[in-house]
Amino acid sequence: MAKAFEVPEEVRAFAEKGVLQARDNYAKFKEAAQDGNGAVEAVFNAATKGAHAYSAKLLDFGQANTNASFDFLQALVGAKSLSDATELWSTHTRNQFGTFAVQAKELTELTQKIAAETAEPIRTGASKLFQPTA
């Protein structure tokens with residue numbers, strides 16, 4: 001009778017280790033893919049919130065600038081002389097340039113904040129993906 005073929009213990013252990021590593025790698029890949037999907041969703045959520053905040057800020061600025069223009073026009077109509085009108089015009093123009101500078105700074109800061117918040121899920125996901133495993 002023929003002797004049964006036996007796999008040497010070293011080969012069996014090597015094969016089992018390979019299967020365990022393959023399962024572990026698959027689990028890591030699956031987790032990375034799920035995290036990637038979550039990161040994409042988080043990016044879109046952050047971008048949507050950021051776009052809303054930016055639009056709201058622009059509307060606030062538009063309303064403030066429109067109100068300032070109406071106030072200026074009302075004061076201009078009440079001017080008693082050409083020199084009063086010129087002074088009102090000059091003051092309004094100086095104030096508006098100052099206001100525009102402040103508004104531009106606020107929009108720049110808001111844009112930087114939105115960009116950072118939108119990029120954070122990508123940065124977090126990438127750092128998880130490239131962390132060494134124990």
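Which helix holds Asn 65? Asn 65 sits in helix H1, which covers residues 9-77. The model is predicted. The points below go through selected side chains.

1. Asn 65 and its surroundings. The relative accessible area of Asn 65 is 15%. Buried means under 20%, so this residue counts as buried. Leaving aside residues up to four places away in sequence, Asn 65 touches Gln 96, Thr 99, Phe 100 and Gln 103. With one of these, Gln 103, there is a polar contact between side chains, at 3.1 Å.

2. The aromatic pair. The structure has one such pair. Its members are Phe 72 and Trp 89, with ring centres 5.4 Å apart. The ring planes stand at 80 degrees, so the pair is edge-to-face; the cut-off for that class is over 60. Phe 72 belongs to helix H1 and Trp 89 to helix H2, residues 82-129. The pair therefore ties together parts that are 17 residues apart in sequence.

3. Buried or exposed: what are Phe 72 and Trp 89? Phe 72 is buried, at 10% relative accessibility. Trp 89 is exposed, with a relative accessible area of 52%. The cut-off for exposed is over 50%, so Trp 89 passes it.

4. A search of the whole structure gives three salt bridges. One of them links Glu 106 and Lys 57, with the closest N and O atoms 3.2 Å apart. Glu 106 is in helix H2 and Lys 57 in helix H1, so this pair ties together parts 49 residues apart in sequence. Glu 106 is partly exposed, at 30% relative accessible area. Lys 57 is also partly exposed, at 26%.

5. Lys 105 and Glu 109. Their side chains form a salt bridge, 3.8 Å from N to O. Both residues lie in helix H2. They are four residues apart, about one turn of the helix. Lys 105 is exposed, with a relative accessible area of 54%. Glu 109 is partly exposed, at 42%.

6. Which residue forms a salt bridge with Glu 117? The partner is Lys 113, and the closest N and O atoms are 3.6 Å apart. Here too both residues lie in helix H2, four residues apart, about one turn of the helix. Glu 117 has a relative accessible area of 40% and is partly exposed. Lys 113 is partly exposed as well, at 47%.

Definitions and conventions: Residues are numbered from 1 along each chain as its sequence is written. This is a predicted model: local features need pLDDT of at least 70, side-chain atom pairs count only at pLDDT 80 or more; totals for chains, interfaces and linings use all residues. Side-chain values use heavy atoms; hydrogens and water are left out. Helices (H or I, at least four residues) and strands (E, at least two) are DSSP runs, numbered from the N terminus. Buried means under 20% relative accessible area, exposed over 50%, partly exposed in between (1.4 Å probe, protein chains only). A polar contact is a pair of N or O atoms within 3.5 Å; within protein, one must be able to donate a hydrogen and the other to accept it, and residues adjacent in sequence count only if both atoms are side-chain atoms. Contact means heavy atoms within 4.5 Å. Rings of Phe, Tyr and Trp (its six-membered ring) pair if their centres lie within 6.5 Å; planes under 30 degrees apart count as stacked, over 60 as edge-to-face and the rest as tilted. A salt bridge is a side-chain nitrogen of Lys or Arg within 4 Å of a carboxyl oxygen of Asp or Glu.
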